[in-house]
Amino acid sequence: MISFIVKRILQSLLVMLAVALIAFALFQFVGDPINNMVGQDTSLLDREKLRQDLGLNDPIFIQFFRFVGNALRGEFGFSYVHRLPVSQLIGERFSATIELSFVSAVIALVVGVPMGIYTAINRRGLLSRSFMTLSLIGVSLPTFLIGILLILVFGVSFRWLPAFGRGEVVNIGWWSTGFLTASGLKALILPSITLALFQMTLIMRLVRAEMLEVMRADFIKFGRARGLNNRSLYFRHALKNTLIPVITITGLQLGSIIAFAIITESVFQWPGMGLLFIQAIGDADIPIMAAYLVLIALIFVLINLIVDILYVRIDPRLRTSTSGSGGQ
Amino acid sequence: MSLLSIKNLKVEFPTRHGNFVAAENVDLEIEAGEILGIVGESGAGKSTIGNAIIGLLERPGRMAEGEIKLHGNRIDQLDEEMMRALRGNSIGMIFQDPLTSLNPVETIEAQLVETIMLHLKMDEAQAQKHAVEQLRQVDIPDPEIRIKQYPHQFSGGMRQRVVIALALCADPDFIIADEPTTALDVSVQAQILELMKGLCKKRNAGMILITHDMGVIAETADRVAVMYNGHIVEIGETAQILGAPNHEYTKSLISAVPRPDKRTDRFPLVTYIEAAEETADLVDLSTHWLGRSRDFGTSDSDMLNLKKLHMKFITRHAFFERNRLYLDAVKDVSFSIKSGEVFGLVGESGSGKSTIARMITGIYQPTGGEIHFAGTDLTQLKTANDVAPYRRQMQMVFQDPFSSLNGRMRVKDIVAEPIKFHRLAETNSECDEIVFDLLNVVGLGDKAAIKYPHEFSGGQRQRISIARALATRPRFLVCDEPTSALDVSIQAQILNLLKDLQEELNLTILFISHDLPVIRQMCDRVGVMRHGQLLEISKTEDLFENPSHEYTRELLSLMPRFEFASH
């Protein structure tokens, strides 16, 4: 178990190093950083001096190690546009994105998993069929359209919910939260539903497919032949076996909720990292892009690590490779 | 009053093309303490009867007519809730595959305790005690320790014991066993049958034993019902049915079972079942492409010579060498096969026989030793180009006819693929001709060419596999359990086909099987394997008449046999 985790962590480190290399390459290939920093009327001499001061004349690999070293301390330099440290800019917006993603993930799981189970058990029921039809809409409509429609209905027509922004936030240390104020909570509803809808339908369909597969397994049939009731068959024997593959996909989906909150944040003018990133692309603000890239990769790698560990926790077949197969 | 009685049972499956009748006019009586065998080939409706009794017919199947009585009370009309109370409590059912019958993510204890608490009014502590007791009764050693383990920590035979413990933990008085030993090795099979027999007698329970295996019936059942096409064609005492069957079907079925006691030239065909498609002798093999240009030369030397062949698999990966665990699947095995010989390899699962086949055909790279094929050491050849000519001369027929054919390819393309890969035909039309001839040789006919594998039965698919193997004009064929997934009547056809081809094309065959009677009928010499080691090699007749190794004697004694009074 421990060697398994250590191996996974080493692999994760390798992935992070590769991502750092790509992020670093951004600086080399997307325009000249000096040009991006200084005005038109800076003399060549000054430019050269700045270049020297910033260490841009050093050999590439020394620059790369410096970049990795800084990144480890959370420093990604100054934004070209905002003239502020990137770490500070991202720090301010990090909590907004995480809260939005967290709420979306909870919605997707809490609604998606039971719906998946329900549609698998009552395959031919009217409600199941309507769930399946609705889920088609969830999968096929683009996120921005859903967002705009929700704004139109609940924000503009009925004026029940705010159409943009985070509402009032409370600062706890560097973390700003919208959970503690009424307006903050209200502001969360529309964007989190928008963000959750796609993942929810995906999880629902996945759980349904896996559950149907497991329900055909011999041990379910044998369970029936032993007189076990449906509740035990569905929720004890089938569900746990269903979860094994579902966890993998769901874990990755949670990662992409955070990473691709961009569209939702743009539609709702949510002051999160995604919005910052979109603006950074527009302005060719490379330090922010690089930092965002590394941060998202880190989140993905962490989630993957957790998924792998969960996997071993749930499936005893993976756990006991060390204790061997006794009594063969 | 009998324990269970079935009268005039009819089970049908509604389909788009009308009702498919799976079983009809079935009348059975089972007394307490009695074992009734139901025997028949796949599709005969044996399992349908078991499923109908316990009320678990696969949808959309339903009981159209008849009645089922347990202790004189009708149970076929009970509602779902009452039926569920009977399952496990009064009727226990044991399934075929012990590897998939248990929930893989729960301990044995959790599964036992749940079932016990459901049927017997016990609290958890009592149920745990009872569970250990159940495991003890099915002869699982150290039940207190083993009960905390998960299914994957048990071997196949041990798992089937757990399945039996689970099915019997609430002490049902009627048991349905659906092919309970089909997935197990003979030695384990004998133990499990013995156990089930003992439990039946001890608890005075009645049992229906559903199987395709005449040997199992002979060893276990008191009475036998023979099923064919949804009907019981004959029922009676085991000795009478197996010794002096009345019905034509029973006679031909019994005659198709390979005889363990004597070698016969060909297998009798079960003509009753289907107009056995014999090899259409449209092709004169001696002049045909298949037989022609077999310019291998006729040497008396060894076709294949294995020297100290060794294979180890890593079973636990670790960073440090000393923490790794290896399994020696094949340990320094040496033997040789002469040109034109059929060499049998026999052994239980895990003995390494398939691993040897895979090393010879290059699927696995051996960790040590030499494979001399027609005088060339294949392990010394490095590039794919060097190996290709030798690969062409050896082909393999696999066990499972369902997964060994690509379901998305037409039969024509499946058979043509090796021809095209080895560039054996000049033109496409020549290739097509060869394919048609091959399909005729294996008795399928031209029409098979444009169909897909799913349109064929298991036996027909195995014929396709053989046609594909012959497509490169090999001189050496590796058959890895080619008939163990097939019914006996089909097995007889396939084995006859292999024999014919072997004689006409002078093939050398490595024939791998766990089935001793089949080995006796097919092979010239036999090697016996256990735990990766070759224990004994001898001429087939010598092996069966005077086995020299103790393990061989044990295997032979475990071989299920039944008396032939009929011929």
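**Exercise 1.** Does B:G37 count as buried or exposed, and at what relative accessibility?

Solution. Step 1: B:G37 has 0% relative accessibility, so B:G37 counts as buried. Buried means under 20% relative accessible area, exposed over 50%, and partly exposed in between, with a 1.4 Å probe and protein chains only.

Step 1: the model is predicted, so local features need pLDDT of at least 70 and side-chain atom pairs count only at pLDDT 80 or more, while totals for chains, interfaces and linings use all residues. Residues are numbered from 1 along each chain as its sequence is written, chains are lettered from A and ligands numbered from 1 in the order in which they are written, and side-chain values use heavy atoms, with hydrogens and water left out.

Step 2: B:G37 belongs to strand 3 of chain B, residues 35-39. Helices (H or I, at least four residues) and strands (E, at least two) are DSSP runs numbered from the N terminus.

Step 3: when residues up to four places away in sequence are not counted, B:G37 touches B:L209, B:I217, B:A221, B:R223, B:V224 and B:A225. Contact means heavy atoms within 4.5 Å. B:T211 is 174 residues from B:G37 along the chain, yet their C-alpha atoms are separated by 7.3 Å.

**Exercise 2.** Find where B:T181 lies and state what its side chain contacts.

Solution. Step 1: B:T181 sits in the loop between strand 7 (174-178) and helix 7 (186-203) of chain B.

Step 1: the relative accessible area of B:T181 is 3%, so this residue is buried.

Step 2: a polar contact of 3.4 Å joins the side chains of B:T181 and B:Q189. Such a contact is a pair of N or O atoms within 3.5 Å; within protein, one must be able to donate a hydrogen and the other to accept it, and residues adjacent in sequence count only if both atoms are side-chain atoms.

Step 3: apart from neighbours within four places in sequence, B:T181 is in contact with B:Q189, B:I192, B:L193 and B:V216.

**Exercise 3.** Which residues of helix 13 of chain B are buried, and what covers them?

Solution. Step 1: in helix 13 (residues 411-421), the buried residues include B:V411, B:I414, B:V415, B:A416, B:P418 and B:I419.

Step 1: an α-helix has 3.6 residues a turn, so residues three or four places apart point the same way.

Step 2: the cover over the buried residues of helix 13 includes helix 14 (428-441) and helix 15 (458-470) of chain B.

Step 3: after helix 13 comes B:R423, with a positive phi near 50°.

**Exercise 4.** Examine the backbone at B:P60, B:N25 and B:D171.

Solution. Step 1: most residues other than glycine have a negative phi, and most peptide bonds are trans.

Step 1: the bond from B:R59 to B:P60 is cis, with omega near 5°. B:P60 lies in the loop between helix 1 (46-54) and strand 4 (62-70) of chain B.

Step 2: B:N25, which is not a glycine, has a positive phi near 50°. B:N25 is in strand 2 (residues 18-30) of chain B and counts as partly exposed at 45% relative accessibility.

Step 3: B:D171, also not a glycine, has a positive phi of about 55°. B:D171 is in the loop between helix 6 (156-168) and strand 7 of chain B, and is partly exposed with a relative accessible area of 47%.
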